[in-house]
Structures are given as C-alpha cells and as structure tokens.
Amino acid sequence: VHNYADADLGIVDLFGATRWSSNTAYAQLIVRTGPSPVADLAHELGVSAPLDPVHSLVLGTQEVSVLDMATSYATFAAHGERYDPQLVLEVVDRDGEVIDQFASSAQRVLSSQQADIVTAVLSDVVANGTGRNALVDGVPVAGKTGTTQDYRDAWFVGYSPRFTTAVWVGFPDSNRPMENVAGLDVVTGGSLPAAIWRDVM
C-alpha cells in the first residue's frame, strides 16, 4: 500500500489522513477494526452493492454505484439518518394538484454526533486538502476525493446543507487510465470530478 505519488505523510491523525487521502493510514486502521465491520457500516450507510469483507475494501477496490455513494454521503448530511433514494417524489394532475406523494422513512445509522464529526473531517478535505477544487463560495460543503490505481476512476462525493452529489469520471467502455484528458496529465478525484461537483452544486 502506498500513497499518491508515494508521499510520506508521516504520523497523522484521522483528520490529516482524510485531508491528504492517506492510503497507508487507512490500511492500518482497517487492520485494527477488521474489514467486516467496515463492510457492514457501508451497507447501513446506503451501499447496496455486495462487498467482500477484505482489507483492501478501505482503499475503494470494490465497485460501488454512483447512487450508492450519493446515498451514503447523504446519510452523513442528514446527521446519521439514512433515507433510501426515491426516484418519484410526487405525481400531479394537469392542474398541478398533487395526486400522490411518496416519502422515504429514515433509519438511524449513526448518532448525530458521529455524523457531524464525519462532516467536520470532510469539510476539512475541501477547505484544506485534496478537495479544494470543490469549494463553493458562501456555501458550507463537505466531501472526499477518490482516485483508483492507474487513474482509471476518479471521484468526488460531497454535500452541502441542502444537496448531496456524487461525481464519477472514467471511461465507461473500458478500464483504461485517464491520462492526457482535458489538458491534464492525469485525472484525480481532486481535479475534474471536484471541479464538476463544484459547478453542479
């Protein structure tokens, strides 16, 4: 396990490890917690994809959909309550009268305090770390970058007080590296995905 550009980040707390995407720190953490509780919590947060409880899970080695990522981060935004995605919120007639409404019930996954700590850590990623391209003027935001090995996938997933958005960048037809794309030598989560996320938000 190594960090981006083989960076030696020294001894860091979890704020610093998250801020600078320290793979080595999180690899050590999952050895302590074990992979099964991590997979279980991911499912509770909103990941519906099957996850193998292996140590590399913490490094994002297993496929998760963009919708699952957005659902999971929305759980942090909702102070620890998970709302399953609803594709239809209401049906109206031609006069604009609501015929039917659909609501998702909340399931408490984390305490409000735990979720707010995650938000503080992820806010620091945007304010001071790898997610600086996701800053939105005048809006508090929290999020995390992600870049897979060989630059094949790049992510930025985050939220404001009102919206959660997940951005994935990659080649849908293959697993080739994103090199020399949009004027960038390589695409990382903190580059195009964070900028796209900022523009959407």
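**Hairpins, aromatic pairs and a pocket**

In the hairpin that strands E2 and E3 form, with 5 residues between the strands, Gly96 adopts a positive phi near 85 degrees. The model is a predicted one, and every value below is computed from it.

**Strand pairing and hairpins**

- The hairpin of E5 and E6 has 5 residues between its strands, and in its turn Asp150 shows a positive phi of about 65 degrees.
- Strand E5 is mostly covered, since 5 of its 6 residues are buried.
- As a general point, side chains in a regular strand alternate between the two faces of the sheet.

**Aromatic pairs**

- The structure holds 4 aromatic pairs, and one of them is the edge-to-face pair of Tyr4 and Tyr151, with 6.3 Å from centre to centre and 85 degrees between the planes.
- Because Tyr4 lies in the segment before helix H1 (14-19) and Tyr151 in the loop between strand E5 (142-147) and strand E6 (153-159), this pair ties together parts that are 147 residues apart in sequence.
- Both partners count as partly exposed, Tyr4 with a relative accessible area of 47% and Tyr151 at 23% relative accessibility.
- The pair of Tyr73 and Phe76 is likewise edge-to-face, because the ring centres are 5.7 Å apart and the planes stand at 80 degrees, where an angle over 60 is what the edge-to-face class requires.
- Tyr73 and Phe76 are 3 residues apart in helix H4, so about one helical turn separates them.
- Tyr73 is buried, with a relative accessible area of 12%, and Phe76 is buried as well, with a relative accessible area of 11%; both values fall under the 20% limit that defines the buried class.
- Ring pairs link Tyr73 and Phe76 with Tyr159, so that the three belong to one cluster.

**The second largest pocket**

- The second largest pocket holds about 320 Å³ of space, and of the 13 residues that line it, Ala74, Tyr83, Asp84, Pro85 and Gln86 are the closest to its centre.
- Helix H4 (66-77) and strand E1 (81-83) are the elements that give two or more residues to the lining of this pocket, and H4 gives the most, with 5 residues.
- By residue class, the lining of the second largest pocket divides into 8 nonpolar, 3 polar and 2 charged residues.

**Leu41 and its surroundings**

- Leu41 is found in helix H3, which spans residues 35-45, and it is partly exposed, with a relative accessible area of 34%.
- Leaving aside residues up to four places away in sequence, Leu41 touches Val109 and Leu110.
- Leu41 and Leu110 are 69 residues apart in sequence, while their C-alpha atoms are 9.3 Å apart in space.

Terms used:
Residues are numbered from 1 along each chain as its sequence is written. This is a predicted model: local features need pLDDT of at least 70, side-chain atom pairs count only at pLDDT 80 or more; totals for chains, interfaces and linings use all residues. Side-chain values use heavy atoms; hydrogens and water are left out. Two strands pair if DSSP finds at least two bridges between them. Helices (H or I, at least four residues) and strands (E, at least two) are DSSP runs, numbered from the N terminus. On a 1 Å grid over the protein atoms alone, a cavity is a set of points where a 1.4 Å probe fits but cannot get out, and a pocket is an open set with protein on both sides within 12 Å along at least five of seven lines; lining residues have an atom within 4 Å of a point. Grid points are joined across faces, edges and corners, and a volume is the space filled by probe spheres set on the points. Ala, Val, Leu, Ile, Met, Phe, Trp, Tyr, Cys and Pro count as nonpolar, Asp, Glu, Lys and Arg as charged, and the others, Gly among them, as polar. Buried means under 20% relative accessible area, exposed over 50%, partly exposed in between (1.4 Å probe, protein chains only). Contact means heavy atoms within 4.5 Å. Rings of Phe, Tyr and Trp (its six-membered ring) pair if their centres lie within 6.5 Å; planes under 30 degrees apart count as stacked, over 60 as edge-to-face and the rest as tilted.
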